[in-house]
Amino acid sequence: MSDEKNFLKARGFVLSSMPVGENDRRIVVLTKELGKTSAFVRGGAKPKSPLLAATNPFFFGDFEFYAGTNSLTLRGAKQQARFDDILKDLDDTYMGMYFLEVSGYFGNEAVDESDRLNLLYVAIKALMAHRIDRQLIRLVFELRTMLINGVYPDVFSCHHCGKHLDVNEENLFSAADCFFYDSACRSTINGTAMTVSPYVMYALQFVMSAPVGRIFSFELKGEALEDFSYIIRRLRNRFFEHTFKTERFLT
């Protein structure tokens with residue numbers, strides 16, 4: 001009889017799934033309790049397997065694993081939210097897969113990944129709701145991911161003098177070093193300085209400070225969206241330092 005202590009429970013998202021042999025699967029799951037973890041699903045590829053649904057990316061639910069000597073085996077799974085409809089829109093699917101890949105790349109094993117899991121959850125929900133622009137959802141997701149990673153820009157203080165950046169005053173962004181500056185410190189900036197509008201500055205500060213459940217509750221359009229996108233692209237190049245496979249499918 002298996003020792004009860006060898007059974008582990010966790011809530012999470014299936015990030016990826018790959019075949020192992022003819023009938024088995026290996027899944028990677030982002031969980032709150034175990035961080036990023038992988039597990040074997042014996043017979044998970046069989047059409048009548050009770051664990052078949054849990055071998056699909058975008059499955060969100062409660063998992064029960066058996067901890068063997070060198071690996072985990074999935075013993076049970078109960079779906080807690082359905083994200084199947086994301087597969088009905090190809091662009092949503094690609095963007096969702098990108099979110100899964102980013103979360104998996106930065107996710108860590110054996111740590112509390114509740115912040116990353118919550119971000120992934122609300123980002124997928126925002127995609128399916130179609131209330132704001134898909135590209136804006138991506139930008140917000142990427143900026144908040146930087147915060148969770150612990151490597152992110154200071155959008156609240158001037159990099160040179162440390163003064164608080166008031167959204168109602170003129171603020172600057174340096175594309176060369178990816179720092180933000182008060183307008184009084186313009187002369188200290190190397191290269192070209194970009195003026196950040198109040199709308200964009202507010203959006204940056206909001207994404208970095210608001211509860212995760214609210215960060216997809218605003219819209220940017222026109223020039224403001226273009227400027228926000230430019231800043232996030234520059235930050236992504238500096239703080240992500242990785243090219244993701246699913247990016248090639250994003251428009």
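**Close-ups of a strand sheet and a helix pair**

**View 1. Leu172 and its partner across the strands.** In S7, Leu172 has Tyr181 as its bridge partner. This is a predicted model, where local features need pLDDT of at least 70, side-chain atom pairs count only at pLDDT 80 or more, and totals for chains, interfaces and linings use all residues. Residues are numbered from 1 along each chain as its sequence is written, and side-chain values use heavy atoms, with hydrogens and water left out. Strand S6 (residues 171-174) is joined to S7 by four bridges, and the two run antiparallel. (Strands are DSSP runs of E, at least two residues; helices are runs of H or I, at least four; both are numbered from the N terminus. Strands pair if DSSP finds at least two bridges between them.)

**View 2. The open sheet.** Three strands line up as S7-S6-S8, with antiparallel pairing. S7 (179-182) and S8 (193-196) sit at the edges with a single partner strand each, so one side of each has no neighbour in the sheet.

**View 3. H3 against H5.** Helix H3 (residues 134-149) packs with helix H5 (residues 222-239) at about 40°, their axes 10 Å apart. (Axes are lines fitted to C-alpha atoms, for helices over the stretch in contact; angles run from 0 to 180 degrees between N-to-C directions.) H3 and H5 are therefore oblique to each other (under 35 degrees is roughly parallel, over 145 roughly antiparallel, 65 to 115 roughly perpendicular, the rest oblique).
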